[in-house]
Amino acid sequence: MEEIQIWIEQLVETCGVTGDTVNFVTHTILVLLAFALAFLAGWLCSKLLIPIVLRLTKKTETKWDDVMFNERVLKSACSIVPAIVIWQLLPWTFFDFPTVREVLTRLTGIYITIMSARTLIVFSDSMKQLESNTQRSARQQYMHSLCGVLKIIIIFIAVIVVVAIIIDKNPATLFAGLGAASAILMLAFQDTIKGLVAGIRLTSNDMLHVGDWITVASAGANGRVEDITLTTVKVRNFDNTIVTVSPQTLVDGSFQNWIGMEQNEGRKQSRRIFFDFRSIHLDDDGVANITKFRTHLEQWLRENPKVMGDKNPLVRHAEASQGGCCMELTFWLHAQAWNDFEHDTADIMEYVFAAANEYGLRIYQQFPDQKPTLCPSRAGGEL
């Protein structure tokens with residue numbers, strides 16, 4: 001380096017420059033040369049190194065190298081190269097200006113630290129793409145949570161290194177001094193720590209995945225899980241509103257996960273109907289009309305193509321109340337999609353309402369202004 005510096009000085013003097021101007025012109029040329037070398041290094045990385053790496057990763061059969069060494073990661077890494085070149089050439093460029101050299105060296109060091117942290121964060125984000133877009137396994141969720149923790153650690157270390165560069169201290173000294181402030185740090189990151197522990201509990205017990213349909217009544221959430229982070233679980237409701245729930249809330253409280261229903265062949269439905277006691281009577285053969293109706297419904301449900309007959313549909317009597325004689329229908333529908341499921345349920349219940357009249361049964365119904373009346377005998381005629 002010194003030989004190049006001397007050669008440039010001699011070249012400037014040969015051009016007829018004398019006095020203090022020689023030093024100024026020499027430094028100017030050295031600065032321009034340093035920037036030219038930095039630009040050349042960055043250009044070579046972006047135009048030669050990145051395409052070569054991308055071609056090599058595409059030729060392999062594995063997916064992880066395509067994801068972890070994608071174009072975004074490589075461009076972020078290559079953005080550090082020009083700064084490293086400048087950082088190495090600063091002592092040689094500003095040899096007569098120690099103050100300027102020191103300031104520029106610190107600024108360049110800060111830039112390298114920030115860009116290095118950014119590259120590591122982009123790299124950790126790329127690791128998340130290894131997971132499925134619709135369903136995330138427990139191992140993938142561990143990776144997702146680990147990436148979140150790594151990002152926090154990377155940012156924390158980067159801040160310490162930047163502060164050390166600014167005050168001209170050894171970063172190890174600052175890290176050693178943080179031991180006394182560990183309690184404050186734990187207080188500041190308590191939500192993150194709790195979220196990490198709760199996230200691990202959710203995934204280790206296979207309680208939640210991205211893409212699951214969950215219902216959290218306390219939070220007003222009823223939709224698909226879009227993302228699970230250290231501190232939040234993002235749920236998109238079916239009306240396209242987004243609800244964020246903390247993992248700690250899911251672990252400490254309760255929520256309903258419909259993944260079992262979706263993975264099954266059908267979807268269960270239970271409905272109750274209340275009949276007026278005054279419409280229940282024995283037919284001429286001595287069998288109650290409601291018994292015949294219950295038997296008919298069970299047989300009809302087994303033969304209904306919308307109902308899974310092998311799941312044994314059940315029509316039973318629940319506990320009676322002031323609303324009348326309660327009959328409960330339990331059956332499994334083939335349809336799982338929301339609209340199809342509700343429409344098929346409506347078709348079945350509409351048939352039940354209409355068929356009840358054929359057996360002389362009346363669905364219980366009370367108007368707001370209706371007054372209680374005594375139950376007349378069957379011989380007394382219809383109401």
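Hi everyone, here's a quick walk through this structure, starting with the overall picture and then a few places in it. Keep in mind that we're looking at a predicted model.

So, the overall picture. The protein is built from 14 helices and eight strands. There are 383 residues, and 34% of them count as buried. If you take contacts between residues at least 6 apart in sequence, 62% of those join residues at least 24 apart.

Okay, let's go to helix α14, residues 338-356. How far apart are its end C-alpha atoms? They're 27 Å apart, and that agrees with what you'd expect, because 19 residues at 1.5 Å a residue should span 27 Å.

Now, which residues of α14 are buried? Those are Phe-341, Asp-344, Thr-345, Ile-348, Met-349, Val-352, Ala-355 and Ala-356. Look down the axis of α14 and these buried residues fall within an arc of 125°, so they line one face of the helix. If you want the background, an α-helix has 3.6 residues a turn, so residues three or four places apart point the same way.

What covers that buried side? The cover for the buried residues of α14 includes β6 (267-275), α13 (289-303) and β8 (325-333). Turned away from the buried side, the other face of α14 carries exposed residues: Asn-339, His-343 and Ala-354.

Staying around β6 for a moment, find Asp-276, in the loop between β6 and α13. Is Asp-276 buried or exposed? Its relative accessible area is 12%, and under 20% counts as buried, so Asp-276 is buried. Leaving aside residues up to four places away in sequence, Asp-276 touches Arg-362, Ile-363 and Tyr-364.

Next, over to the surface. There's a nonpolar patch formed by Leu-33, Leu-37, Phe-39, Leu-40, Trp-43, Leu-44, Leu-48, Ile-52 and Leu-56. Together they have about 840 Å² of accessible area. Take Leu-40 as one of them: it sits in helix α2, residues 20-59. Leu-40 is partly exposed, at 43% relative accessible area.

One last stop: Val-100, which you'll find in helix α6, residues 98-127. Val-100 is partly exposed too, with a relative accessible area of 37%. Along the chain, Val-100 and Leu-90 are 10 residues apart, and their C-alpha atoms are separated by 9.5 Å.

Methods: Residues numbered from 1 in each chain as written. Predicted model: local features only at pLDDT ≥ 70, side-chain atom pairs only at ≥ 80, totals over all residues. Heavy atoms only, no water. Helix = DSSP H or I, 4+ residues; strand = E, 2+ residues; numbered from the N terminus. Expected span 1.5 Å × (residues − 1). Buried < 20%, exposed > 50% of the residue type's maximum accessible area, 1.4 Å probe, protein only. Arc of directions from axis to C-beta. Contact = heavy atoms within 4.5 Å. Patch = residues over 30% accessible without salt bridge, like charges linked within 9 Å, V, L, I, M, F, W, Y side chains within 5 Å. Areas by Shrake-Rupley, 256 points an atom, 1.4 Å probe, with all protein chains shown as cover. Salt bridge = Lys/Arg side-chain N within 4 Å of Asp/Glu carboxyl O.
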